[in-house]
Amino acid sequence: MELLKKYPKLFQWLFLLIVFFALCFAIDVPETYKFIRGQAEFIKDPNQSTYILFGKEVRYYAFDNFWRLPPLLGWLPIWINDGLFFLLNEWMPMEFWDSATQEYKTRPLVLQISRNITAFMTFLIELIREILLGGVETIVAFTSWNFVSAYPWAKLPGLPWTIVAAGAAILAYKLSGKGLAIFAALVMIYISVFGQWKPSMQTLSFILVAAPLSFIFGLSLGVMAYKSKRVEKALYPILLVMQTMPQYAVLVPAMVLFGIGDHAAVIITMVVAIPPMILLTLIGLRGVSPEVIEAGKMSGCSNWQLLTEVLIPTARRDILIGVNQVIMVCFSMAVISAFIGAKGLGWNLLLALNQLNIGLALEAGLCISLIAILLDKMSLAWANKQTDYFGNLTFYQRYKNTIFFGGAVLIGAILAIFGSFFFKEGFNYLYEVPHNKGISTADFWNKGVDWIFDTFFVYIKAFNTWLITEVLQPMRALYLRMPAVATLVLVVGAGYIIGGIRSAFTVGGLTLFIALSPWWDRALVTTYMATFGVIISCTIGFIVGTLCQQNKYTTNFMLGVCDIFQTFPSFVYLIPVMMLFGVTDTSVLIAVIVYATIPATRYTIEGLRSVPAALHDAATMSGVTKLQRLFKIEFPLAFPHMMLGLNQTIVFALFMVIIGAFIGTEDLGQYILKALSDKAGGGKGLVLGICVAFIGLIFDNLIRTWVEKRKKHLGID
Amino acid sequence: MPMIIGLIVLVVIGLVFFMQSTDKSAKKAGDSAEPIVIPTHNWSSQVVMAYVIGGIFEANGNNVKYVPADSQAVYESIRIGDVTISHEVWESAFGKSFTTALDKGGILDWGDHEARTLEDMGYPDWVAAKCPGLPDWTALKNPDCAKNFVTPDSGGKGRMLEGPQTWHGDLIPQRIDALGLGDLWVVKFAGSADALWAELAAAKKEDRGTIIFNWTPNFTDGAGFTFIKFPPYTAGCRPEDGGDGKCGSPDGYLKKAVNADFPKTHPGAADIFKKMSFSTGQIGAMAALVDLDKMTHEDAAKKWLADNESVWKAWMN
């Protein structure tokens with residue numbers, strides 16, 4: 001009894017585990033139970049049970065309700081599909097004059113509206129693209145195709161790469177100084193010399209549309225949520241789900257609504273990039289102290305002035321983190337959006353991978369990372385820049401940068417014209433280095449992969465066989481062996497012990513949604529892969545982060561590595577991993593671990609950094625050794641922050657498990673991939689995505705609640 | 001806030017001009033100057049052929065535009081009018097998507113290519129020694145054969161690597177069970193075509209047996225690839241059509257499809273496209289230019305057009 005009083009939580013956990021295992025042993029696996037490999041749930045089979053709701057027939061294999069709950073939500077995806085189809089194809093048909101065929105055509109209203117929105121998006125993208133690369137579409141937008149065909153001179157010429165590179169360097173110099181200018185110039189030269197200019201500019205052109213639009217929408221929605229409780233309440237659940245929803249699942253409904261092409265890419269990028277922007281705006285505005293607002297009001301600010309002159313500048317730090325997130329997300333979507341028709345680096349990367357040309361894909365991937373880091377640094381510098389007010393500058397001092405840019409344009413143009421005489425065979429290298437005519441290190445990388453394969457193959461194979469037969473397969477079997485009721489009890493119990501009745505209800509509800517969907521087995525497989533990935537990632541991230549944090553230089557180096565890997569498209573390493581480890585779960589998990597270790601490392605470093613220096617000194621003065629200090633002071637204090645890292649690690653791991661479908665998995669991701677090609681896949685893709693998001697949210701809720709309690713207990717924050 | 005105001009102004013201007021730009025009623029005799037939208041998918045022969053066809057249209061004086069698209073979803077896009085044509089409709093893989101779209105209306109069947117297609121399970125030629133009796137499917141009944149195809153996660157059975165589930169659902173697992181091979185063989189779904197080629201490359205380096213899903217014409221034809229001879233296909237033999245599933249894949253068509261308005265807006269181009277017919281050899285050559293000679297898709301198309309001028313000039317008359 002003494003013990004029970006001393007450690008009440010411990011006994012609660014023990015009790016929960018005993019109930020869980022008792023349930024697991026009490027409920028036998030039904031004899032007819034079999035993991036559904038293919039799409040059997042969509043095939044008619046006399047063994048299936050059916051029910052009809054809202055006029056939709058749902059078919060499923062019935063088991064004991066303790067073992068697997070019946071898919072009472074099975075109608076939801078079908079219903080969403082039909083709703084979408086109705087909206088797009090039948091609702092409010094209207095007559096439109098089609099000038100091309102000289103006849104009236106009925107088109108449903110929503111389709112027409114969505115096509116008008118996309119036409120405008122396309123216009124913006126093409127405008128930027130043609131400033132950078134040249135073309136006729138912008139002029140076509142103002143005139144017509146006939147006009148352009150009749151007058152071949154009517155097209156934008158596009159900037160030579162020398163001018164864009166010089167412009168980027170001058171802009172970087174103006175924003176931040178020499179260091180960034182050199183980096184900008186190097187990035188641009190790298191892109192050009194390696195022949196990635198055209199695809200890079202194509203990617204850049206849709207990101208230059210998506211990022212500012214996401215910023216504007218995110219900021220204004222954030223401000224609206226700050227001003228009105230009702231808007232906030234409406235937005236909050238969407239924000240939560242979007243944060244853990246795999247980007248991949250957004251593709252399907254977007255494709256149904258907006259079709260394919262660069263505009264659709266912009267739209268899904270915005271859908272993914274806006275939520276973090278809203279969230280960070282809201283956090284920033286909340287943090288503005290009432291005194292500041294009072295001061296603003298006393299100086300006679302109008303509402304608008306209060307917002308633009310007081311609130312936003314004060315909340316600047318968090319809004320900036322939002323901008324950073326927007327840019328990172330935009331680039332992380334560069335490859336994924338290629339699936340719905342975005343041109344540029346992402347598409348080239350997928351084509352290169354299709355030919356197993358890993359080196360070429362690597363070069364394209366590196367371009368994405370470098371441009372992302374450059375834009376990120378430039379936007380940060382821009383936001384941090386203080387405006388200088390000097391009255392007595394000479395004309396030269398005032399317009400120095402403009403003059404230099406003007407000079408660069410002139411020199412670049414002259415060089416390009418000169419080049420057109422010099423390079424006879426059709427490739428003007430001073431204008432644009434054509435795709436794949438630049439230097440390429442692809443052969444080197446491809447040979448490198450071959451070498452690794454030849455040298456280590458025996459060991460890799462032995463390791464792979466061991467891992468699959470001894471660890472992964474049993475682990476997967478254990479997860480699938482859990483009766484649905486036992487899982488529910490475990491999750492609800494954990495929620496109750498950690499966060500009380502409220503938490504228990506939330507996580508219980510989320511789990512129940514997945515259990516009642518037709519994809520419980522699939523969700524279990526997703527969870528098994530994510531758990532394995534998270535455990536390994538956290539171990540690695542924790543150790544590496546702790547070691548690197550001991551020294552300032554290694555810390556910065558590690559954070560830089562994290563930056564690169566976060567924007568580097570994960571598809572590139574899927575292929576070599578697949579060649580080494582085959583089409584197996586090991587390959588997927590290795591990709592998961594590479595990706596999910598980033599947040600684990602980053603948050604460990606930041607957590608340890610956040611321990612106040614005064615405490616270090618105090619500890620040192622009381623005579624603790626370095627190790628003692630680490631274990632007794634730094635770790636306990638940094639732990640809540642590191643747990644938030646765990647949270648991010650889980651989200652990253654889930655994203656990657658879903659992308660693992662490209663290697664070949666048997667989880668929710670496989671069905672999301674399938675939904676992408678399915679004409680009626682919109683609803684399925686969305687509901688599957690929500691299932692994945694809910695898995696993430698269950699862990700998110702538990703960890704956050706625990707962290708908050710722990711922080712209160714430690715007296716920080 | 002000048003930025004936001006500026007953006008609003010830009011939006012308004014953009015919309016005004018967009019509205020204007022839709023009024024292109026000045027239709028000339030002959031083909032419209034609107035670009036023909038050609039989809040590109042993620043396999044080499046298709047991309048090269050897209051550029052080849054685009055080149056032919058351009059030689060005819062048409063404007064063309066290329067858009068990357070998913071190979072299943074493209075038929076819906078053609079139906080709505082986002083994409084104008086499709087030049088590789090494979091019977092076995094896309095036949096279903098195509099006919100569904102055909103039933104809904106808005107898309108037209110625009111004739112077959114000369115090339116016939118086959119999509120089925122098969123093996124690279126050097127694997128033949130690991131399973132005597134291939135390519136006849138009965139060789140798979142031999143347990144000594146199956147054990148050469150075991151992988152760590154196949155549970156002691158031989159493993160066949162099928163393409164993504166997207167392509168034909170449960171067809172191959174059902175066939176394996178129907179033919180009574182289920183005790184010896186297990187079918188694993190790969191996630192993408194890349195996964196198939198990676199498996200092919202890895203198996204070759206490792207010199208182990210592999211049976212994968214593949215198709216012809218494809219770039220693998222050059223290195224030697226044999227399809228397993230399953231019992232012949234008859235109409236209605238597949239489980240989805242009510243059959244017992246004990247049959248292989250059909251000798252399939254390779255069709256062309258167009259948006260229903262295309263013949264009206266671009267009568268000249270539509271006529272040329274109707275006449276276009278590529279043979280297996282020509283398609284294989286296009287793929288080989290990229291996959292084996294490592295040219296870019298655009299360059300390969302240019303080279304093909306230059307080398308085969310007599311072929312495509314004939315379609316233009």
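About 12,000 Å² of accessible surface belongs to chain B, and carbon and sulfur atoms contribute 56% of that (areas come from the Shrake-Rupley method with a 1.4 Å probe, and for residues only the protein chains shown count as cover). Please keep in mind that this is a predicted model, in which local features need pLDDT of at least 70 and side-chain atom pairs count only at pLDDT 80 or more, while totals for chains, interfaces and linings use all residues. Residues are numbered from 1 along each chain as its sequence is written, chains are lettered from A and ligands numbered from 1 in the order in which they are written, and side-chain values use heavy atoms, with hydrogens and water left out.

The C-alpha trace of chain B spans about 70 × 55 × 40 Å along its principal axes. The chain has 13 helices and 10 strands (DSSP runs numbered from the N terminus, helices being H or I with at least four residues and strands E with at least two). Of the 317 residues in chain B, 57% are buried; buried means under 20% relative accessible area, exposed over 50%, and partly exposed in between, using a 1.4 Å probe and protein chains only.

Now to the charged pairs. Over all chains, a search of the whole structure finds 24 salt bridges, each defined as a side-chain nitrogen of Lys or Arg within 4 Å of a carboxyl oxygen of Asp or Glu.

One of them joins D450(A) and K205(B), whose closest N and O atoms are 2.9 Å apart. This pair crosses between chains, linking helix α20 (residues 442-481) of chain A to helix α8 (residues 193-206) of chain B. D450(A) is partly exposed, at 31% relative accessibility, and K205(B) is also partly exposed, at 33%.

Within chain A, D700(A) and R704(A) form a salt bridge of 3.2 Å, N to O. The two residues are about one helical turn from each other, because they sit 4 residues apart in helix α29 (residues 681-714). D700(A) is buried at 11%, whereas R704(A) is partly exposed at 38%.

In chain B, E76(B) pairs with K104(B) in a salt bridge, with 3.4 Å between the closest N and O atoms. E76(B) lies in helix α3 (residues 74-80) and K104(B) in helix α4 (residues 91-104), so the bridge ties together parts 28 residues apart in sequence. E76(B) is buried at 18%, while K104(B) is partly exposed at 35%.

Finally, K461(A), R159(B), E199(B), E206(B) and R208(B) belong to one network, joined by salt bridges that share partners.
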